[in-house]
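Trainee: Could you walk me through this model and show how each label gets decided?

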Amino acid sequence: MRLFSLALLLFSLLLHAADKDENKTFFTPLYSFSNANINYLDWTNETENKTLNGDFAYIGLEGGAGWKWGEIYAFANIENPTKKYVNNGSDNLRTASFADLDIKIKNGFRLHIQDFYLQGKPYYVNDFVIGIAYKYQNNSGLWIRPFVGVHYTNDTYFDGNNGYMTGWTFNYTFRVLQESFSIFQWNEIEFGRTKSFYLSNDGTKIGDGSSWGYNGALALMWNINTAFTAELQYRYARQKLGNIPYQSAMIYTLKYNF
């Protein structure tokens with residue numbers, strides 16, 4: 001499933017290059033975007049004290065495209081890029097990738113497929129969802145896409161059906177003093193998780209520690225010009241990311257748009 005997200009990212013980057021080609025073909029998307037980015041995630045002191053999470057930098061590639069039949073989006077990140085890929089500790093090198101594919105059905109409804117993969121050492125996490133989404137958008141810079149689907153988890157300690165996931169992505173683009181800004185949010189809620197995922201045989205809470213949890217971010221983007229975008233994100237999670245307490249962080253990002 002990791003190949004699914006990486007393949008979609010590569011596909012979207014190639015399509016973005018094709019979108020700029022004057023000799024457009026049937027496969028040329030209606031729109032596309034791609035960027036390279038540098039980021040720094042700063043957990044709050046409360047989160048660090050409760051979970052032992054460590055702040056980290058990461059670099060990434062991001063891309064997406066859309067057609068009359070559907071849309072794709074994907075990213076790939078290298079976390080702690082200057083560190084070593086060794087056992088033990090949140091300060092070591094990790095890789096993460098994500099992709100989603102929406103195939104239009106009718107009247108705004110879509111077949112929705114998404115996959116997230118994180119690889120550290122000695123652990124890994126793969127969350128795969130297939131379900132239904134609905135997208136609404138208007139001419140004032142607003143769109144929102146809720147979804148719901150069946151959730152499959154494959155990680156170091158668990159492999160199998162793991163309940164359901166619902167959530168949404170949301171974007172609103174606007175201008176202030178001739179400057180372009182966007183507000184963006186993604187949010188995921190897991191529910192109906194399999195008991196063996198969050199409880200040990202003796203009933204002790206493990207991992208995310210509950211049958212439900214949520215995970216997401218709220219971002220403000222300043223579209224400085226066609227080449228650069230600056231972004232400030234509030235990252236949050238509860239009963240997710242392998243920890244039970246509420247977690248929060250700020251993410252500082254600079255993107256170079258191709």
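What follows is a chat about labels and the cut-offs behind them.

Mentor: Ground rules before labels: this is a predicted model, where local features need pLDDT of at least 70, side-chain atom pairs count only at pLDDT 80 or more, and totals for chains, interfaces and linings use all residues. Residues are numbered from 1 along each chain as its sequence is written, and side-chain values use heavy atoms, with hydrogens and water left out.

Trainee: Fine. How many helices and strands does the protein chain have?

Mentor: Three helices and 13 strands. Both are DSSP runs numbered from the N terminus (helices are H or I with at least four residues, strands are E with at least two).

Trainee: What makes β3 and β4 a pair?

Mentor: The rule asks for at least two DSSP bridges between two strands. Strand β3 (residues 70-79) and strand β4 (residues 94-106) are joined by 10 bridges and run antiparallel, so they pair under that rule.

Trainee: Why is N243 called buried?

Mentor: Its relative accessible area is 15%, and buried means under 20% (exposed is over 50%, partly exposed in between, using a 1.4 Å probe and protein chains only). So N243 counts as buried. The residue lies in the loop between β12 (228-238) and β13 (247-257). Beyond neighbours within four places in sequence, N243 is in contact (heavy atoms within 4.5 Å) with T51, N53, G207 and D208.

Trainee: Why is L52 called exposed?

Mentor: L52 has 71% relative accessibility, so it counts as exposed. Phi of L52 is near 65 degrees, a positive value in a residue other than glycine. Q178 has a positive phi too, about 70 degrees, and at 66% relative accessibility Q178 also counts as exposed.

Trainee: Why point those phi values out?

Mentor: Because most residues other than glycine have a negative phi, and most peptide bonds are trans. On the peptide side, the bond from K121 to P122 is cis, with omega near 15 degrees. P122 is found in the loop between β5 and β6 (124-134).

Trainee: What about aromatic pairs: how many are there?

Mentor: The count comes to 19. Rings of Phe, Tyr and Trp (its six-membered ring) pair if their centres lie within 6.5 Å; planes under 30 degrees apart are stacked, over 60 edge-to-face, and the rest tilted.

Trainee: Why is the pair of Y73 and F98 called tilted?

Mentor: The ring centres are 6.3 Å apart and the planes sit at 55 degrees, so the pair is tilted. The pair links distant parts of the chain, Y73 in strand β3 and F98 in strand β4, 25 residues apart. Y73 is partly exposed at 22% relative accessibility, while F98 is buried at 10%.
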